[in-house]
Amino acid sequence: MNAEKILRKSTNHRARADAIYEIRVALPYIVPAIWRRLEVPGTMTFDDLHDVIQIAMGWEDCHLWAFYVGKTEVSPEPEQFGFPGVPRARPADRTTLDEMLGGQRVKFRYEYDMGDSWTHEIKVEKALAPDPDMAYPRCTGGGRAGPPEDCGGFPGYQNFLKAVKNPKHPEHEETLEWIGGDWDPEAFDMDAVNARLQPRKRRPARRSKKQ
């Protein structure tokens, strides 16, 4: 799954959307917060929302993922949907935001990389009328760079920051080499995010076979 799929559908969202959800996506436990504010159509599937969050947070779409709305898991096929049990499961590519959120100001979560366990807390802040002159989805705010892939989850990210920031840290040089150079944890470019979300400027997300 990648950004090209959003490209095929996003122009339809612009014409069909009955409601736009303003959502705030944030990684808990990290201070200052790593967060994004997004406007997404209610007609969008959770499969598409996954793609949007991947782009907005700077992830590389390399791992398994799922949404949890109340007691229902909304996840992709075939990786996870075939596993029965609690919570109940629905296919992400055939379940829309409107179906699960119902225009309400609710909270739900998105899990990415079941090994590193990146939990994203999502809050529906508003349900808006669509602007006919606006292309959706779009990012309207945010703060700080998303963590790098495969850094070890929240504890690993904290250790990563210590090593990157401190030239005297015993793993400083090794960490810089691993990340490919300098790392600015405060960097966030909303224009760059929106450029990737716009149909004519979007590039496919990078994928690997990692689980």
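Visitor: Where is Arg-144 found?
Guide: Arg-144 sits in the loop between E8 and helix H4, which spans 153-165. Keep in mind that this is a predicted model.

Visitor: Why is Arg-144 called buried?
Guide: Buried means under 20% relative accessible area. Arg-144 has 6% relative accessibility, so the residue counts as buried.

Visitor: Is Asp-61 buried or exposed, and how do you know?
Guide: The relative accessible area of Asp-61 is 1%. The cut-off for buried is under 20%, therefore Asp-61 is buried.

Visitor: Let us go on to helix H2. How do you know whether Ala-56 is buried or exposed?
Guide: Ala-56 belongs to helix H2, residues 46-57. With 3% relative accessibility against a limit of under 20%, Ala-56 counts as buried.

Visitor: Which residues does Ala-56 touch, leaving out those up to four places away in sequence?
Guide: Those residues are Arg-36, Leu-38, Phe-188 and Val-193. Contact here means heavy atoms within 4.5 Å. Along the sequence, Ala-56 and Phe-188 are 132 residues apart, while in space their C-alpha atoms are 9.6 Å apart.

Visitor: What kind of peptide bond joins Val-31 and Pro-32?
Guide: That bond is cis, with omega about -5°. Pro-32 lies in the loop between strand E1 (20-27) and strand E2 (34-41). Most peptide bonds are trans. Another cis bond joins Tyr-136 and Pro-137, with omega about 5°. Pro-137 is in the loop between strand E7 (118-128) and strand E8 (138-143).

Visitor: Why is Glu-173 called exposed?
Guide: Exposed means over 50% relative accessible area. Glu-173, in helix H5 (residues 172-179), has 56%, so the residue is exposed.

Visitor: Which residues form the negative surface patch?
Guide: Glu-171, Glu-173, Glu-174 and Glu-177 form the patch. Glu counts as negative, so the patch is called negative.

Methods
Residues numbered from 1 in each chain as written. Predicted model: local features only at pLDDT ≥ 70, side-chain atom pairs only at ≥ 80, totals over all residues. Heavy atoms only, no water. Patch = residues over 30% accessible without salt bridge, like charges linked within 9 Å, V, L, I, M, F, W, Y side chains within 5 Å. Areas by Shrake-Rupley, 256 points an atom, 1.4 Å probe, with all protein chains shown as cover. Salt bridge = Lys/Arg side-chain N within 4 Å of Asp/Glu carboxyl O. Charge placed at Lys NZ, Arg CZ, Asp CG, Glu CD. Helix = DSSP H or I, 4+ residues; strand = E, 2+ residues; numbered from the N terminus. Buried < 20%, exposed > 50% of the residue type's maximum accessible area, 1.4 Å probe, protein only.
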